[in-house]
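Here is a short briefing on one protein model.

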Amino acid sequence: VHITCTYARYFSKFPKYWCKGRDWMSCTILVQTMGHNMTTSDGRISITDNTKVREFSVTMEHLTLNDEGWYWCAIRSALIDMRSRVKLNIIERNIILTTISYGTLCVGYSLPFCLSGVL
């Protein structure tokens with residue numbers, strides 16, 4: 001599955017990350033950016049920040065039923081991390097993404113959170 005998270009210009013230089021957890025406080029970071037316009041991977045999950053188009057994308061490969069659950073598309077900032085919660089459901093080889101927005105990650109954009117998925 002490929003998920004794209006779009007952000008406002010203000011957040012271009014901030015670190016981005018993808019974490020898993022039903023609640024924000026229980027979110028475990030799975031992968032995070034290590035630089036602008038670079039791809040970082042743990043082998044199965046990768047994240048790329050493209051500052052030119054102001055979006056970062058997460059790709060998860062070789063999905064299993066254990067991958068089902070709540071994830072967060074997030075940007076680390078000085079005061080509070082901007083984030084949007086995503087529900088990943090896996091049903092008999094079909095993937096369903098549901099987005100729930102929190103905060104104002106897409107400043108200058110209309111909510112819900114600027115997120116899209118390619119299944």
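A residue counts as buried under 20% relative accessible area, as exposed over 50%, and as partly exposed in between, with a 1.4 Å probe and protein chains only. By that cut-off Cys19 is buried, at a relative accessible area of 1%.

This is a predicted model: local features need pLDDT of at least 70, side-chain atom pairs count only at pLDDT 80 or more, and totals for chains, interfaces and linings use all residues. Residues are numbered from 1 along each chain as its sequence is written, and side-chain values use heavy atoms, with hydrogens and water left out.

**Disulfides**

- The structure holds 2 disulfides (a disulfide is a pair of cysteine sulfur atoms within 2.5 Å).
- Cys5 is bonded to Cys73, with S to S at 1.7 Å.
- Cys5 lies in strand 1 and Cys73 in strand 7, so this pair ties together parts that are 68 residues apart in sequence.
- Strands here are DSSP runs of E with at least two residues, helices are runs of H or I with at least four residues, and both are numbered from the N terminus.
- The S-S torsion of Cys5 and Cys73 is about 115°, so the disulfide is right-handed.
- Cys5 is buried at 0% relative accessibility, and Cys73 is buried with a relative accessible area of 0%.
- The other bond joins Cys19 to Cys27, with S to S at 1.7 Å.
- Its torsion about the S-S bond of Cys19 and Cys27 is about 110°, so this disulfide is right-handed.
- Cys27 is buried, with a relative accessible area of 18%.
- Counting bonded cysteines along the chain, the pattern is 1-4, 2-3.

**Strand 1 and its partner**

- Strand 1 pairs with strand 6 (residues 55–60) in the antiparallel sense, over 5 bridges.
- Pairing requires that DSSP finds at least two bridges between two strands.
- Ile3 has Val58 as its bridge partner in strand 6.

- Tyr7 sits in the loop between strand 1 and strand 2 (16–20).
- Tyr7 is buried, with a relative accessible area of 0%.
- The side chains of Tyr7 and Asp49 make a polar contact of 2.5 Å.
- A polar contact is a pair of N or O atoms within 3.5 Å; within protein, one must be able to donate a hydrogen and the other to accept it, and residues adjacent in sequence count only if both atoms are side-chain atoms.
- Tyr7 and Arg54 are 47 residues apart in sequence, yet 5.5 Å apart in space, C-alpha to C-alpha.

**The loop between strand 6 and strand 7**

- Asp67 is in the loop between strand 6 and strand 7 (69–75).
- Asp67 is buried, at a relative accessible area of 5%.
- Its side chain joins that of Arg44 in a polar contact of 2.6 Å.
- Beyond residues up to four places away in sequence, Asp67 touches Lys20, Arg44, Met60, His62, Leu88 and Ile90.
- Contact means heavy atoms within 4.5 Å.
- Leu65 is in the loop between strand 6 and strand 7 too.
- Leu65 counts as exposed, at 63% relative accessibility.
- Leu65 and Ile90 are 25 residues apart in sequence and 6.2 Å apart in space, C-alpha to C-alpha.

**Ser46 in strand 5**

- Ser46 is in strand 5 (residues 45–50).
- Ser46 is buried, with a relative accessible area of 18%.
- Leaving out residues up to four places away in sequence, Ser46 touches Val31, Thr39, Thr40, Ser41, Ser57, Val58 and Thr59.

**Rings and charges**

- A search of the whole structure finds 7 aromatic pairs.
- Rings of Phe, Tyr and Trp (its six-membered ring) pair if their centres lie within 6.5 Å; planes under 30 degrees apart count as stacked, over 60 as edge-to-face and the rest as tilted.
- Tyr10, Phe11 and Phe14 form one aromatic cluster.
- Arg83 lies over the face of Trp24, 4.6 Å from the ring centre.
- The charged end of Arg85 sits over the ring of Trp70, at 3.9 Å from its centre.
- A charge sits over a ring if NZ of Lys or CZ of Arg is within 6 Å of the ring centre and within 35 degrees of the ring normal.
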